[in-house]
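Keep the structure open beside you as you read.

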Amino acid sequence: MNAPTPCSATTRAGNSCRFSARKETGLCINHDPAYAERQLQNRQRGTRIAAENRARLPIRIDDFDLSNRSSVQALVDAVLRLVIAGEMTEARASQVIRLLSIAVRNFGATHTQIVPHLNIYEYRRNQAITHLVRMLDR
Ligand SMILES: [Zn+2]
């Protein structure tokens, strides 16, 4: 078997790229602009499919925000009201409250917000939801 051809591009540090080249271009996946375009299209397609899957859920899953204490408090409030109204079982409420407790512990003693970089949190949340929606038993 032949050793893979190295990428012909130069890194930002000025060294030769050590990734394997793709046959079509002689460039690796990091340096091939055509590959970046395809990756972008794949990401956009994945985002669109995830949005369609979310739209089919019986609840709006994006509306749950665990990024700060007041939004967690709002969820505790909603769960309490749903249990009192007989719209949520106590077993389900216990599961939700247990998970909300974990969310609150992640804030730490002094922080009201889970992360200083909310956009990173929201990006990760979107990624997690995308993957979890694919795992739903439907
Ligand atoms: Zn490269």
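This is a predicted model, and the mean pLDDT of the chain is 81, with 83% of its residues reaching 70 or more. Where pLDDT is low, the predicted coordinates should not be read in detail.

Now for the overall layout. You will find 4 helices and 0 strands in the chain, so that, going from the N terminus, the order of elements reads α-α-α-α. As for contacts between residues at least 6 apart in sequence, 29% of them join residues at least 24 apart.

Arg18 sits in the segment before helix H1 (33–55). Is Arg18 buried or exposed? Arg18 counts as exposed because it has 9 C-beta neighbours inside 10 Å, and the cut-off for exposed is 12 or fewer. Along the chain, Arg18 and Cys28 are 10 residues apart, and 8.7 Å separates their C-alpha atoms.

Helix H1 comes next, with 23 residues. From its first C-alpha to its last, H1 reaches 33 Å, close to the 33 Å expected at 1.5 Å a residue. The number of buried residues in H1 is 0, so this helix lies largely in the open.

Moving on, helix H2 covers residues 69–84 and has 16 residues. Its first and last C-alpha atoms are 23 Å apart, close to the expected 22 Å. After H2 comes Gly86, which has a positive phi, near 75 degrees.

Helix H3, residues 90–105, also has 16 residues. H3 reaches 22 Å from first C-alpha to last, close to the 22 Å expected at 1.5 Å a residue. H3 is hardly covered, with 0 buried residues among its 16.

How do H2 and H3 pack? Their axes lie 10 Å apart, and the angle is about 170 degrees. That angle makes H2 roughly antiparallel to H3, because angles over 145 degrees count as such. On the H2 side, the residues in contact are Val72, Leu75, Val76, Val79 and Val83. They meet Glu90, Ala93, Val96, Ile97, Leu100, Ala103 and Val104 in H3. By class, this contact of H2 with H3 has 11 nonpolar residues, no polar ones and 1 charged residue.

Finally, take a look at helix H4, where Glu122 is found. With 14 other C-beta atoms within 10 Å, Glu122 is partly exposed; this is because its count falls between the cut-offs, 12 or fewer for exposed and 20 or more for buried. Glu122 and Asp65 are 57 residues apart in sequence, and their C-alpha atoms are 9.1 Å apart in space.

Conventions
Residues are numbered from 1 along each chain as its sequence is written. This is a predicted model: local features need pLDDT of at least 70, side-chain atom pairs count only at pLDDT 80 or more; totals for chains, interfaces and linings use all residues. Helices (H or I, at least four residues) and strands (E, at least two) are DSSP runs, numbered from the N terminus. The expected span of a helix is 1.5 Å times one less than its number of residues. Two residues are in contact if their C-beta atoms, placed from the backbone, lie within 7 Å. pLDDT is the predictor's confidence in each residue, from 0 to 100. Axes are lines fitted to C-alpha atoms, for helices over the stretch in contact, and angles run from 0 to 180 degrees between N-to-C directions. Angles under 35 degrees count as roughly parallel, over 145 as roughly antiparallel, 65 to 115 as roughly perpendicular and the rest as oblique. Ala, Val, Leu, Ile, Met, Phe, Trp, Tyr, Cys and Pro count as nonpolar, Asp, Glu, Lys and Arg as charged, and the others, Gly among them, as polar.
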